[in-house]
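Visitor: I have some questions about how the labels on this model are assigned. Can we go through them?

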Amino acid sequence: MATPVSPPMSPASQRKHFYLGQKRLAQLAAVPALKEIVSTFDRLKTQELVFSDFGLIFPLIDPSMKDEIIDMFTMVDIDGNGKLSVRELTLFKIFLMLTSNDPQAVSKTKRMIPLLFDVLDANANGKLEWSEVEGFARKFRRLGVMKKMFGGNTFVTKAEFLNQLEQEGFASDGEGDSKKNKEAKSTGSDKERAAEELRLGELTSADADTFSEIFAAFDRLKTKELEPFDFGILFGLIDEDIKKDMRDLYNMMDINMDGKLTISEVCLFKVFMSISDSDLDAHDKQFRQWVDAMFHLLDADNNGTLEWHEIELFAKKFDLLVEFRRLFAGKTCVTKEEFLKQGMF
């Protein structure tokens, strides 16, 4: 079957194709399946994401990840206040490196132990008091290690801390359980927390390769704290398998293959998956709403019909060239009704 002929889109036009005006954004926001996606882009005041931001959208595309993100968030939330600070994420990253079997991570362990002390030492007095380590030790099941280190004393020095961990390691002792123990809420003032975060930036400056993603995420969101689904922005840094899955999905959604995801591309993918996974028929109201949304997303010039150059990239990406060629069947354009009746999904 011959490919329909229509004027080719220039690279600039292809890129413009995936940006939407306010009217069309409002139409998308009215679709329940797309409301959260539109609001997330709106909060970031952008119409495109790079991969490091993709975690914010990932759980909205794959709802099965929501519970996993909540579980991970709870694990990292040392003070149990329902929000994550730079300090908590830095402590968690250090903890992962200290307990990793990855040879590259193990090679950094010696410099991670002094850094762990410095990050735990919240008041920067060169000593660790029990109140500074208890939440961390309880959350990550290291109470036995820390109790032995303190040995009844009110504080430990950095030398004692380093000596204990370098000699005995940081293996779990089974004491402490994030699901059964409730950590004390943080009582520090906003001013104190801001000073702490600034100090953390200084502490980790020598380890930019390890911690830059954490600081960049907080800076990207212009906040001092992350709430559960903001945490998705860092989710891929926690688990390499998850990061690979995220990268594969990101590439699949990048219809014009420019290395960035626009709100249009994200919404197209979400609608396409909703339609593909649905057992609703063409007369169902929800199905009709999804098809309407897809049609408007593909209709780049908003003229009420689809030309071949408007759908070609999408058709190639999702292996729908045969179906779309059948739909066009010698025509230069198709209407919304024709698009719906084809039943290609």
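Visitor: Why is Cys-333 called partly exposed?

Guide: This is a predicted model. The relative accessible area of Cys-333 is 28%. Buried means under 20%, and exposed means over 50%. The value lies in between, so Cys-333 is partly exposed.

Visitor: Why does Cys-267 count as buried?

Guide: Its relative accessibility is 0%. The cut-off for buried is under 20%, so Cys-267 counts as buried.

Visitor: How many disulfides does the rule give?

Guide: The count is 0. The rule needs a pair of cysteine sulfur atoms within 2.5 Å.

Visitor: What makes Asp-118 a buried residue?

Guide: Asp-118 has a relative accessible area of 17%. That is under 20%, so the residue is buried. Asp-118 sits in helix α8, residues 109-120.

Visitor: Which side chain makes a polar contact with the side chain of Asp-118?

Guide: The side chain of Lys-158, at 3.1 Å. The limit for such a pair of N or O atoms is within 3.5 Å, so the label polar contact applies.

Visitor: What is the phi of Ala-124?

Guide: Phi is near 55°. The value is positive, and Ala-124 is a residue other than glycine. Ala-124 lies in the loop between α8 and β3 (127-129).

Visitor: Why is Ala-124 called partly exposed?

Guide: Ala-124 has 42% relative accessibility. Exposed needs over 50% and buried under 20%, so Ala-124 counts as partly exposed.

Technical notes
Residues are numbered from 1 along each chain as its sequence is written. This is a predicted model: local features need pLDDT of at least 70, side-chain atom pairs count only at pLDDT 80 or more; totals for chains, interfaces and linings use all residues. Side-chain values use heavy atoms; hydrogens and water are left out. Helices (H or I, at least four residues) and strands (E, at least two) are DSSP runs, numbered from the N terminus. Buried means under 20% relative accessible area, exposed over 50%, partly exposed in between (1.4 Å probe, protein chains only). A polar contact is a pair of N or O atoms within 3.5 Å; within protein, one must be able to donate a hydrogen and the other to accept it, and residues adjacent in sequence count only if both atoms are side-chain atoms.
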